[in-house]
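Welcome! Please take a moment to look over the structure below, and then we can walk through a few parts of it together.

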Amino acid sequence: MEYVILGNGIAGVCAAETVRQFDSEGSITMVADETFPPYSRPMISMVLAGQVASDKLPIRSTSFYEDLRINAVLGNRVAEIDVDQKRVITQNGTSLRFDKLLIATGADPRPINAEGLNLKNIFFMRTEAHVRNMLAAIPQTKRALVLGGGLVGFKAAYGLLQRGLDVTMLITSGYPLSMQVDETAGKLILDELRDHGLEVRVGISVEAFEGNGSITGAALSDGTHMPCDLVVVGKGVRPALSFVPQDKIDIDLGILVNEHMETSTTGIFAAGDVAESVDISRKTRWVNAIWPEAVTQGRIAGTNMAGRQVSYGGSLSRNVLRILNLDVMTMGLVNPPENSDYEVICARDPRHKMYRKLVFRINILIGAVLINAIEQGGIFMGLIQNEIPLNVPNSILADSSFNFKQLMM
Amino acid sequence: MKQVVVHPERCVGCMQCMAACAVAHSQTKQVHTAIMESPLPKPRVHVGVGLFGEGFPNRCRHCNPAPCMLACLSGAIFRDTETATVMINPDTCINCASCAMACPYGVIRFHQDWLAPPGKTVAAKCDNCDERRAKGLIPACVEVCKSAALTYEEMADAMKKKTDEVARSVSTAAPENIPIPAGLALLTAAKKAQLATYDR
């Protein structure tokens, strides 16, 4: 059996490990753009902040490919998939035959619409190389501009603050993390950031970047001008699927997969940030481009590719981050549509900066935002993921003393 | 291999396991000196309070596969293959709380520890008293438990005991189950009565 895996992010890595676990004979080839050993992508922001050395990023040994007898084709992107001939052609012309193919090419940073994007010192923050380039530029810079109030924007802003830069964050929506949290939590986070010296401007975006070679400033949508010598663009990601033959493999925002992580073409699978599965809390197709789902999807895809049928229950959005003195955990559907059948319970303890918002569909938890007191968050995750109907009042989950015992009636 | 078995119906919520656990994970291993340590040692077993004041010693189940281990961003969570214990390496832990988001029992806490780099907050949870067992001791929570809510035994034996208890409870000829002490029985009866009247 010939397996080809596109991408050496965590989905590809987990899939390769799983395939090897079940099939010691088959040949495995991995094609990937990044040449760095398999590493922890979420940790790159900690390298930027100087909390972690870049040699701590790899999460598999340097002999990962040899140990699993994987033929690694690195520094190479896939150009084309020939579905009928069962071949993959890379950008430098290598042609690889496959019986089972996994597309785990992940996602690329979403570009923005503004003039002057080719100036020096405008960065995305997605790969280890991006951070390396940013660190090289930092000594010559003083004022940074971070675009986007999402997770990447946050982590970039925090890292740059730690490096001693003046940082301004521009957020298009009214409060930070608008995709992850509700307005109350967003405002709490905003206050915390401002207390710690980060300049945050909401409801504003960049029209054009200015400079001669390197960036020196930005023209904003409110007509003002802002000097800056470093920019980080964190406006989310989009699945990397330009090479996918759309007449053969169905795509929407991502590559559509069934419960076995298989695409519309038999023998071709997709997993991780590039795959679009069903979201458990939203009950609709959704791309949840997050690390833990990539791990799970990679394992499920690998198991199915090796010939053992296992099903995937669907994905769930979730995130946890520690912002200065706030711990924020968010999962599932947190901003349900107005006048819907959802029950929303909010609890607030301003003295301890604790906030908890829980969203229920009758007695099934489908979403949660926790600010501080996040230790029990995993229990909520389990309840949402397995759609467990509660046999206790919904409200007990909102109390800070909630613990596992209270579900053991 | 022996492991810690929890018998929730016997827990009186005295929290002695928590104190013993904290001491067992201290630098000095003596309660008198442990309370003076900095960072202050903390328990890895957590007695949770039920809806009617009943206790439950909540500790790591060392799941296999372990959700926390799969979710760990830095590869700090690993399984000791000899003891099947899920462990956290404080040197590589980055305190990101991804494990807390994955743990379905809510048993992971974040604080400083004398075994971690000074000043660094790390994820901490039950390690099956790795250090004590290396010295031939049983886990501290079991040693201190007065109501036998925590026992240290072979899982097969524990399962057999439970099966026998169920068998005895439906057979009049069989000898009675080892009784739960009177005080504890009264407490349990009261809680059961409360639970029975409880309407969702």
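## A lysine in a loop

With 19 C-beta neighbours inside 10 Å, A:Lys235 counts as partly exposed, because a residue is called buried at 20 or more such neighbours and exposed at 12 or fewer. Keep in mind that you are looking at a predicted model.

Where along chain A does A:Lys235 lie? You will find A:Lys235 in the loop between β16 and β17, the latter covering residues 237-239. Leaving aside residues up to four places away in sequence, A:Lys235 touches A:Arg110, A:Ile112, A:Leu147 and A:Gly148. As for A:Leu220, a distance of 16 Å, C-alpha to C-alpha, lies between this residue and A:Lys235, and the two are 15 residues apart in sequence.

Now to the sheet. Chain A has an open sheet of 5 strands with parallel pairing, in the order β9-β16-β10-β11-β12. Its edge strands are β9 and β12, each of which pairs on one side only. From one strand to the next, the twist averages 20°. Strands β10 and β16 of chain A run parallel and are joined by 4 bridges. Within this pair, A:Leu145 stands opposite A:Val231 in β16 of chain A.

Here are some of the strands with their residues:

| Strand (chain A) | Residues |
|---|---|
| β9 | residues 122-124 |
| β10 | residues 143-147 |
| β12 | residues 199-202 |
| β16 | residues 230-233 |

Finally, step back to the whole chain. Chain A is divided into domain 1 (2-108 + 237-305), domain 2 (122-233) and domain 3 (325-407). The centres of domain 1 and domain 3 of chain A, taken over C-alpha atoms, are 33 Å apart.

Conventions
Residues numbered from 1 in each chain as written. Chains lettered and ligands numbered in written order. Predicted model: local features only at pLDDT ≥ 70, side-chain atom pairs only at ≥ 80, totals over all residues. Domains from an automatic or database assignment. Pairing = 2+ DSSP bridges. Helix = DSSP H or I, 4+ residues; strand = E, 2+ residues; numbered from the N terminus. Axes fitted to C-alpha atoms, helices over the stretch in contact; angles between N-to-C directions. Contact = placed C-beta atoms within 7 Å.
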